[in-house]
Amino acid sequence: MRTLSRARRTPQLLALALAASPVFALGGFAAPASAATPPLPVPVPSVELPVGLEPMPPYVAANSCDPVAKPGVVRFAALLQNTYAGTGSSGIVRDCASEASTSEHTQGRAFDWRVSTSNPVQVAQVNALTAWLLAPDKLGNKAANARRLGVMYMIWNKQIFGVYDVAAGWRPYACSGVTACHQDHVHFSMTWAGARGVTSFWTGRVAADDYGPCVAQGQMFAVPTSTPNRVPCPAAGPLPITSPVIAALRLSPATVLAQGSTGPGVVAFQRALGGTAADGQFGSATRGMVLLYERRRYLPVTGTVTSAVRADMISFVSGGMAQIGPVPTPVPPPPVVLPPVVVGKPGPVSPLAPYFKVVLSQGSRGTAVVALQRVLHVGADGDFGPLTRAALVRFQSAHHLPATGATSTATWSALAAVLASTSHVTAPAPVVIHSSGLLQQGASGAAVVALQRALHITADGAFGPVTRAAVIAFQRAHRLTADGVVGPATRAALNL
Ligand SMILES: [Zn+2]
């Protein structure tokens, strides 16, 4: 306030400024509390809010190229700009080819609110909004308004807040430069329900979780859909080595595909890529997907399909079982003994769960390093060298984690999420099971994870009805007693 008085020496002007802009009295200026100072506005719903509200949102990563602004994001963007005068929009949609990493902007599911850390008024506006988003409601539900609007996470001034992990609070966000550090905008990523505009802030009715489009078997990207999806996407799993898609990819290993290319070679690559119509036309949409693929796989980002990209794609869609060469040669990875799964919080059990407390950095060795390298797609030699470190730093940056080059629990958790969503990026490893008993519905743990991986279904470590159905189908196909119980014969047929 004193700063302001000095800056505006004319008392009338000061009075005028204060009257017109009550926001000056709040935020970064440590103004004394005063009844004469109205608080900054907060968004007002146009419907009556229900008592209930949305559950804590799941983290659902961008998995498609769908650069169309979603209606809930358009409304959210307007809401912020209408509530806070002088703020603006730095956009909702980013072209898939222009984004530096996978982002909800490529799905029209994120909004960049144009405000600046160097503008005290706007800092106060951001503080008012985020305090309102994260405040508990009358029943003590945390981040109530963020949930009602479907905010999944937000990034501002070198910090990130994940509404899917409220307990972690604002966390440091590794970056360099004003825009990357989010000092000239606040980034908001929305849940699918928020993006579709069906959350309680807009409708007065509590929205169920919506997991968005799912990736099909053997593919990297999901086909966009406007249909809500109430269940988490199953792990897509690799294609069988005999798949015609793999055969087509292997046909002409030296052919380079680029924008403008047409024909069956383009169809084959589009089929493997997923997320777009396989029309044989290598246009800008396909180029965008290829760029995204290259970024996700830590390949040189060229937008063209070179023999290196093709080789990586063949390995990817086959779960590491096929190579680019002329003869299909299964390449079994070295055997891995899964450590016992740590039983902690209920929920899906990740094969990486045993390592969550293990801090790995350059110089580390062993099976935890192998597990890390598999998810990062670097040579899984169990030796944490500079390449592994570089890949880990890229991974951490891409997942809004502190880019330390060392594993933390948060990093492991993000790695586990990636592994679960694209479990076919790692080769299905033969697994040695210690238990020799029967596995049936109700079982859980590492042996179930191994079974599920062998069946190419979601490896959540819990033997439920879906796993049972998959076992029965497998048993039928192998002329075994189809009882849904995994005994010695079924185990042998599964190579377990
Ligand atoms: Zn953004």
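Let's start with two strands. S4 and S5, the latter spanning residues 170–172, pair in the antiparallel sense over three bridges. A word on terms: strands (E, at least two residues) and helices (H or I, at least four) are DSSP runs, numbered from the N terminus. Two strands pair if DSSP finds at least two bridges between them.

Before going on, two notes. This is a predicted model, so local features need pLDDT of at least 70, side-chain atom pairs count only at pLDDT 80 or more, and totals for chains, interfaces and linings use all residues. Residues are numbered from 1 along each chain as its sequence is written.

Now the other side of S4. Strand S3, residues 151–156, runs antiparallel to S4, residues 159–162, and four bridges join them. Tryptophan 156 stands opposite glutamine 159 in S4. Isoleucine 155 has isoleucine 160 of S4 as its bridge partner. The hairpin of S3 and S4 has two residues between the strands, and asparagine 157 takes a positive phi near 50° there.

Let's zoom out. Which order do the six strands take in the open sheet? The order is S1-S2-S6-S3-S4-S5, with antiparallel pairing. S1 (88–89) and S5 stand at the edges with a single partner strand each, so one side of each is left without a neighbour in the sheet. In general, strands of a sheet pair through backbone hydrogen bonds, either parallel or antiparallel.

S1 and S2 run antiparallel, joined by two bridges. Glycine 88 stands opposite arginine 114 in S2. S2 then pairs with S6, residues 186–190, in the antiparallel sense over four bridges. There, aspartate 112 has histidine 187 of S6 as its bridge partner.

Is S2 mostly covered or mostly open? Mostly covered: S2 covers residues 110–114, and four of its five residues are buried. Buried means that 20 or more other C-beta atoms lie within 10 Å of the residue's own; 12 or fewer means exposed, in between means partly exposed, and C-beta atoms are placed from the backbone.

Next, the helices. The protein has 17 helices and six strands. Take H12, residues 367–376. Eight of its 10 residues are buried, so H12 is largely enclosed by the rest of the structure. Among them are Ala368, Val369, Gln373 and Arg374. Just after H12, histidine 377 takes a positive phi of about 60°.

For contrast, look at a loop. Valine 231 sits between helix H7 (200–203) and helix H8 (244–250). Why does valine 231 count as exposed? Because valine 231 has 8 C-beta neighbours inside 10 Å. Tyrosine 211 is 20 residues away from valine 231 in sequence, and the two are 6.4 Å apart in space, C-alpha to C-alpha.

Now the inside. A nonpolar core is a set of buried Ala, Val, Leu, Ile, Met, Phe, Trp, Tyr and Cys residues joined through C-beta atoms within 7 Å. The largest one has 46 residues, and Leu249, Phe269, Ala272, Met289, Met313 and Val317 touch the most other members. Several helices each supply at least two residues of this core, including H8, H9 (264–273) and H10 (284–296). Which helix gives the largest share? That is H15, with seven residues. Domain 2 (244–317) and domain 4 (446–494) each give this core at least three residues. Those domain bounds come from an automatic or database domain assignment. A second, separate core has 42 residues, including Ala77 and Val126. In soluble globular proteins, nonpolar side chains tend to be buried together.

Let's look at one core member. Leaving aside neighbours within four places in sequence, methionine 289 is in contact with Cys65, Cys96, Phe221, Leu273, Gly275 and Thr276. Contact means that two C-beta atoms, placed from the backbone, lie within 7 Å.

Some totals. Of the 496 residues, 40% count as buried. Among contacts with a separation of 6 or more, 58% join residues 24 or more positions apart.

Last, confidence. pLDDT is the predictor's confidence in each residue, from 0 to 100. The mean is 81, and 83% of residues reach 70 or more. Where does pLDDT stay under 50? One stretch is residues 1–34, with 36 contacts beyond four places in sequence. Another is residues 424–436, with 31 such contacts.
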